[in-house]
Amino acid sequence: MTTGRFYITTPIYYVNDVPHIGHAYTTVAADVAARWRRMSGERVRFLTGTDEHGQKVLRAAEKRGVSPQAHVDELQLNFKRLWERLDIQYDDFIRTTEPRHAAVVRELLQKLWDQGEIYAADYSGWYSVSAERFWSEEEVLPAGATLEDLRAGKVKGVCPDSGREVEWITERNYFFKMSAYQERLIAWIEGHPDCIRPHLRRNEVLGFLKKPLGDLCISRPKARLPWGIPLPFAEDYVTYVWFDALTNYVSSLGDERDAWWPADFHVVGKDILTFHTVYWFSMLLAVGLEPPRSVFAHGWWTNRKAKISKSAGNAVDPNPLIDRYGADALRYFLLKEIPFGGDGDFSHEALLGRYNADLANDLGNLAHRALSMTEKWFAGVLPAAGEALPQDLVFQQLGVDACAKFDAQIRELGFRDALEDLFQFIRAGNKYIDTEAPWALAKRGDTARLGQVLRCALECVRIAASHLSCVCPSKSAALLAKLGLDAPNLSLSFTTLAAGSRVAAGDPLFPRLEAEAPPQEPVVSEPVTPEIPSIEYDDFAKVALRTGLVVSAEKHPKADKLLVLKVDVGEAAPRQICAGIAPYYTPEELVGKTVIVVANLKPRMLRGLESNGMILAAGDAASLLSPLREVAPGTQVR
Ligand code: MSP
């Protein structure tokens with residue numbers, strides 16, 4: 001639903017954490033959605049921030065010998081710095097230690113207290129200091145022990161999150177009557193099919209709500225935890241961190257609450273979905289505010305299949321990735337690599353492969369070809385549009401369709417599909433240049449058609465760069481500048497660029513990158529060129545090298561790095577060859593290409609599929625060899 005205003009949020013991150021690509025992922029996703037809405041003319045509010053209260057923050061500050069406030073003032077900058085490097089355009093950054101936030105937390109608590117929705121009671125249970133929460137008996141029971149052992153103190157209970165010992169404590173606390181909202185919650189979620197997405201997650205929450213819902217303990221005695229927001233009706237208690245943190249989505253709005261609430265999207269990781277639906281929705285219903293229109297729970301980035309987190313010690317720092325690939329390429333990779341909602345394993349190979357295949361190859365080549373040919377044959381002056389031939393109209397229509405899908409997908413946070421649609425158009429642009437062969441038109445002197453073909457290619461570049469600017473803001477701006485534009489222009493007409501304006505190819509936007517060389521052993525002796533032993537011609541002649549035309553290519557079902565190709569080497573039927581080139585080439589770009597094949601290698605099985613031959617590459621799989629001139633499939637290579 002378009003309402004002309006769009007309010008999107010990220011979780012507020014634990015200020016103690018060092019930001020990693022998991023945090024970057026959520027924030028980039030929300031930023032892209034926000035940028036796209038802004039570009040579409042909507043009024044946008046994009047909120048992020050830091051969660052600064054709680055036991056862990058207090059402990060970390062004590063350990064450093066600084067006040068908790070000084071500690072959080074310093075650490076929140078880690079997030080702000082990373083967001084700046086990643087080109088995140090947030091409208092507000094909220095910190096839970098700000099007075100404007102505390103005031104709203106206290107306002108909501110007071111309202112609930114006045115309404116009789118909060119009561120005091122004694123609570124006893126197994127408490128984990130590290131997780132800052134109580135756990136049930138079953139949850140803390142160590143493997144192999146019985147409940148009787150635990151109750152009798154024969155074994156120690158263990159926190160399921162941290163593995164640390166839990167303590168049995170009894171304390172008076174304040175409780176929010178969340179159980180009273182169970183039916184209303186179910187009715188709300190059933191009546192608003194999009195309020196939890198992906199829909200699979202909505203079913204999970206509804207499943208959770210089949211069990212009786214307890215009340216929520218919303219306080220901590222100040223004596224145990226002084227670092228928090230005092231309850232307005234019991235100043236010797238502070239507010240439970242999640243009640244405090246969730247309120248940020250409303251507190252940030254100040255006196256513009258009516259204008260922006262309910263939020264359109266809370267973008268969160270699936271780890272905190274229950275807090276954002278069960279807790280948050282019931283808190284909102286209780287204070288008379290609508291739940292958000294949608295909570296979108298995305299999946300996890302993993303590292304060697306384990307969720308990336310500070311505590312797992314497998315965090316991936318975005319900073320060196322930004323240094324090497326640039327912020328735009330990292331933003332693109334994060335959103336393109338895995339569907340929003342699913343999990344994905346991070347690897348440097350995947351990032352390099354994606355960078356080279358999509359950005360350097362598909363987009364970079366299209367831009368460079370279109371611009372440098374305009375420089376070459378029109379002295380860099382944009383040709384006027386000529387007569388559009390049927391194939392131009394087909395190409396244009398492809399663009400219209402791709403952009404419509406892009407828009408629809410991004411609105412629903414379907415980033416991967418959106419980018420796939422846009423890149424199909426970009427690849428079609430490369431194909432259009434291949435088939436319209438401007439070089440042949442130039443040779444023939446057909447300037448009118450040449451101008452029209454280049455204009456179509458340049459309009460494709462403009463449309464692609466303009467749409468992509470929500471994902472790759474600075475590279476898109478640089479690309480648009482090469483076309484003489486100082487802002488994105490989303491028009492889908494192929495006569496948008498002004499004839500006569502100047503365009504320039506300049507340096508490639510995304511220079512191809514090689515895999516990083518493994519660290520070299522220090523050279524201690526004279527450098528030597530490794531000696532290459534000679535062979536007889538007869539030995540060489542044993543290797544049957546042939547040209548092969550790739551007629552089809554697809555991903556290997558069981559191996560990420562392999563592509564399964566059907567290659568015509570001049571035999572009765574194309575043969576199947578599995579090649580480890582998936583990190584560097586997309587299946588589409590290989591079809592129609594001529595490669596060099598070792599045709600008499602004994603067939604072998606690669607992850608369950610037969611591979612009948614080998615494809616030659618220079619150095620590594622990133623540089624396949626191809627004949628310089630066109631030759632028929634099966635031609636001998638010597
Ligand atoms: N402070 C709470 C959130 C309160 S919101 C009212 C919190 N903070 S956190 O620092 O742990 O951040 C959690 C969020 O960071 C996740 O929900 C997710 O958005 C992001 N991610 C953290 N690790 C992640 C991955 N490994 N993969 C993807 N996203 C991850 O929870």
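Predicted model: local features only at pLDDT ≥ 70, side-chain atom pairs only at ≥ 80, totals over all residues.

**Stop one: the ligand.** Now look at oxygen atoms of the ligand. Tyr 14 has a backbone N or O atom 3.0 Å from one of them, and Gly 269 brings a backbone N or O atom to 2.9 Å from a ligand oxygen. For a side chain, pick His 298: one of its polar side-chain atoms sits 3.4 Å from an oxygen atom of the ligand.

Go to Lys 305, in the loop between strand S14 (301–303) and strand S15 (306–307). Lys 305 isn't a glycine, yet its phi is positive, about 75°.

Next, select Arg 197 and Pro 198. Is the peptide bond between them cis or trans? It's cis, with omega near -5°. Pro 198 lies in the loop between strand S7 (196–197) and helix H8 (199–208).

Then jump to Trp 261 and Pro 262, which are also joined by a cis peptide bond, with omega about 0°. You'll find Pro 262 in the loop between helix H11 (257–260) and strand S12 (265–269).

**Stop three: H16 and H17.** Select residues 390–411 for helix H16 and 415–436 for helix H17. They pack at about 165°, with their axes 7 Å apart. Angles over 145 degrees count as roughly antiparallel, so that is what H16 is to H17. The crossing is left-handed.

**Last stop: H19 and H20.** Select helix H19 (residues 447–468) and helix H20 (residues 473–482). What angle do they pack at? About 155°, with the axes 8 Å apart, so H19 is roughly antiparallel to H20. H19 and H20 cross in a left-handed way. Highlight Val 461, Arg 462, Ala 465, Ser 466 and Leu 468 in H19; they meet Ser 476, Leu 479 and Leu 480 in H20. Color the contact by class and you get five nonpolar residues, two polar and one charged.

Key: Residues numbered from 1 in each chain as written. Heavy atoms only, no water. Axes fitted to C-alpha atoms, helices over the stretch in contact; angles between N-to-C directions. Helix = DSSP H or I, 4+ residues; strand = E, 2+ residues; numbered from the N terminus. Parallel < 35°, antiparallel > 145°, perpendicular 65-115°, else oblique. Left-handed = near helix turned anticlockwise from the far one by under 90°. Contact = heavy atoms within 4.5 Å. Nonpolar A, V, L, I, M, F, W, Y, C, P; charged D, E, K, R; others polar. Polar contact = N/O pair within 3.5 Å; in protein donor to acceptor, adjacent residues only side chain to side chain.
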